[in-house]
Amino acid sequence: MSRASIPDEQRLIAALDIPSGAEARDLVRELGDSVSFYKVGLELFTAADGFAVVDWLSGQGKQVFVDLKFFDVPATVARAVKQLQVRNITFATVHGNDAIMRAAAEASGDVGILAVTVLTSLDSADMRDLGFDCDIAALVRSRASRALALGCAGVVASGQEAAVLRNTLGERGVIVTPGIRPGQHDDDQKRTVTPTQALRDGADYLVVGRPIRDADSPKAAADEIQAEIRSALAP
Ligand code: C5P
């Protein structure tokens with residue numbers, strides 16, 4: 001999938017980090033045409049009948065990204081990924097080593113598997129806590145190259161690593177970037193970037209949760225991000 005082939009309005013993926021299916025549907029209705037791509041993550045999937053929400057979104061003509069970050073023995077990951085087939089799911093995430101990524105990619109059918117490189121909420125000190133005393137950018141690069149070689153469609157990575165990743169990957173693979181903050185913020189995301197910076201550095205999709213969900217007007221917030229996307233990519 002090349003950069004040019006993604007319509008601008010599909011580059012914003014709104015994260016439905018919402019505690020119930022009813023509230024998620026309300027937000028999607030409120031956002032209307034401002035958002036065409038949604039991420040269903042752990043909170044909504046476990047609170048609601050996850051697949052009911054996924055099927056409803058796809059019935060509304062929305063693209064769906066199921067972000068459950070599968071991490072288990074390869075056989076179990078493969079069987080979980082198979083459950084996602086034939087539901088109009090564009091992307092799903094895995095978070096594991098080569099064998100896990102390979103199992104997910106082989107079972108993916110028409111679902112694009114995205115490998116989580118390093119969570120954007122983790123900084124170097126957090127990585128040391130986990131036992132990884134390494135350079136985050138080097139780890140992200142190595143995990144991304146292996147993910148694509150193993151058949152994943154792309155990676156989830158912080159915008160702070162988008163440039164170095166684009167250099168490493170060339171035009172191969174999609175880079176999906178959470179941790180997007182249009183302005184000042186005070187939350188758990190540590191490696192954030194603005195929409196413009198992420199896109200200019202080579203990100204293909206922007207995942208935005210709280211800056212839309214918690215805005216006084218979620219629709220106005222989404223429209224502002226869409227406008228920023230258009231202007232960042234304008235020739
Ligand atoms: O609210 P916020 O914009 O921080 O939401 C970011 C979303 O992206 C959350 O749903 C989070 O689970 C997800 N995510 C992330 N970092 C990753 C992978 C996914 O923040 N590496």
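Is K69 buried, exposed or partly exposed? With a relative accessibility of 28%, K69 counts as partly exposed, because that class lies between buried (under 20% relative accessible area) and exposed (over 50%), computed with a 1.4 Å probe and protein chains only.

## Basis of the model

This is a predicted model, in which local features need pLDDT of at least 70 and side-chain atom pairs count only at pLDDT 80 or more, while totals for chains, interfaces and linings use all residues. Residues are numbered from 1 along each chain as its sequence is written, and side-chain values use heavy atoms, with hydrogens and water left out.

## The ligand and its shell

Oxygen atoms of the ligand lie 2.7 Å from a polar side-chain atom of R181, 2.8 Å from a backbone N or O atom of G209, and 2.7 Å from a polar backbone atom of R210. Taken alone, the ligand exposes 460 Å², and the protein buries 87% of that, with accessible areas from the Shrake-Rupley method and a 1.4 Å probe.

A15 is found in strand β1 (residues 12–15) and is buried, with a relative accessible area of 5%. Although A15 and G209 are 194 residues apart in sequence, their C-alpha atoms are 4.4 Å apart in space.

Strand β3 contains D67, which counts as buried at 6% relative accessibility. The side chain of D67 makes a polar contact of 2.9 Å with that of K69 and another of 2.6 Å with that of T93; a polar contact is a pair of N or O atoms within 3.5 Å, and within protein one must be able to donate a hydrogen and the other to accept it, with residues adjacent in sequence counting only if both atoms are side-chain atoms.

## Positive phi values

Most residues other than glycine have a negative phi. K69, which is also found in strand β3, has a positive phi near 45°. N88 likewise has a positive phi, of about 60°, although it is not a glycine; N88 is placed in the loop between α4 (74–82) and β4 (89–94) and is exposed, with a relative accessible area of 58%.

## The second largest pocket

The second largest pocket has a volume of about 310 Å³, this being the space filled by probe spheres set on grid points that are joined across faces, edges and corners. A pocket is an open set of points on a 1 Å grid over the protein atoms alone, where a 1.4 Å probe fits, with protein on both sides within 12 Å along at least five of seven lines, and lining residues have an atom within 4 Å of a point.

Its lining consists of 14 residues, with H95, T117, M127, F132 and R143 nearest the centre. Helix α7 (residues 136–149) gives the most to this lining, with 3 residues, and the lining as a whole divides into 8 nonpolar, 4 polar and 2 charged residues.

Methods: Helices (H or I, at least four residues) and strands (E, at least two) are DSSP runs, numbered from the N terminus. Ala, Val, Leu, Ile, Met, Phe, Trp, Tyr, Cys and Pro count as nonpolar, Asp, Glu, Lys and Arg as charged, and the others, Gly among them, as polar.
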